[in-house]
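Please consult the sequence and the model shown below.

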Amino acid sequence: MFEAVELLTGSPWIYAVVALSVLLDVFLPVLPSGVLVITAATAAAAGSTTVASAAGRVSGEVPSILALLLCAATASVLGDLVAYRLARRGGERLDRAIARSRRLVTAQERLGTALSRGGGLLVVIARFAPAGRSVVSLGAGAAHRRVREFLPWSALAGVTWAGYSVGLGWFGGQWLGATWVGLTVSVLALLAAGFVAAYVMRRPAPEPA
């Protein structure tokens, strides 16, 4: 399996796969977009994607760290905007579905308060939490928040998440090499950030002064 992953990271298709995964995981949070980004960055840090095959050794191109960062960040923002637009135009049926979800209602209320006060740090934090990106993007659209309130924070969230994920893979590959050990340590660090973000999102919103 590791050889198959290395073959993918050594192909130009890695950028398309990463972009599609990041774009769609706002609707399908089970997609391993973070793991893909970390894996590609780990291969880039190791400086080689040479793998064994039945015919001998196969060498591929080393992924570009900058291209990975731009690809992941751009796809993250585009995915957020698609979810936001769909929720904004969803109509009464979507409003009723959101009203049945306590999590979505709570996130919608907290997000609306944060954006109206000129701060959207919740959008950035939610990008790291499991399914948090989906909750916030759909909540912002359903609440009919203005795009100029949501988009800058979505862009900051996408760049922050992409930078953190690429950085984990890069430094993990530099220190531990392109091995399962390095990849596992990097993925665990990403999961730890998600755990902290989920905890922060579950905390009750502070009372207004």
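By class, 13 nonpolar, 4 polar and 3 charged residues make up the lining of the largest pocket; Ala, Val, Leu, Ile, Met, Phe, Trp, Tyr, Cys and Pro count as nonpolar, Asp, Glu, Lys and Arg as charged, and the others, Gly among them, as polar. The model is predicted, with local features requiring pLDDT of at least 70 and side-chain atom pairs pLDDT 80 or more, while totals for chains, interfaces and linings use all residues. Residues are numbered from 1 along each chain as its sequence is written, and side-chain values use heavy atoms, with hydrogens and water left out.

**Largest pocket**
- The largest pocket holds about 420 Å³ of space; on a 1 Å grid over the protein atoms alone, a pocket is an open set of points with protein on both sides within 12 Å along at least five of seven lines, a cavity is a set where a 1.4 Å probe fits but cannot get out, and lining residues have an atom within 4 Å of a point.
- Of its 20 lining residues, Pro29, Phe128, Ala129, Pro130 and Leu190 are the closest to the centre of the largest pocket.
- Helix H10 (180-202) gives the largest share of this lining, 5 residues; helices are DSSP runs (H or I, at least four residues) numbered from the N terminus.

**Second largest cavity**
- Residues lining the second largest cavity include Asp80, Arg127, Arg133 and Phe150.
- Helix H8 (132-142) gives the most to this lining, with 4 residues.

**Aromatic contacts**
- There are 3 aromatic pairs in the structure; rings of Phe, Tyr and Trp (its six-membered ring) pair if their centres lie within 6.5 Å, and planes under 30 degrees apart count as stacked, over 60 as edge-to-face and the rest as tilted.
- Tyrosine 84 and phenylalanine 150 are stacked, because their ring centres are 5.3 Å apart and their planes lie at 10°.
- This pair links helix H4 (residues 65-88) to helix H9 (residues 147-176), its members being 66 residues apart.
- Tyrosine 84 and phenylalanine 150 are both buried (under 20% relative accessible area, with exposed over 50% and partly exposed in between; 1.4 Å probe, protein chains only).
- Phenylalanine 171 and tryptophan 175 form a tilted pair, 5.5 Å centre to centre with 35° between the planes.
- Phenylalanine 171 is partly exposed at 42% relative accessibility, and tryptophan 175 is exposed at 69%.

How values were computed. Helices (H or I, at least four residues) and strands (E, at least two) are DSSP runs, numbered from the N terminus. Grid points are joined across faces, edges and corners, and a volume is the space filled by probe spheres set on the points.
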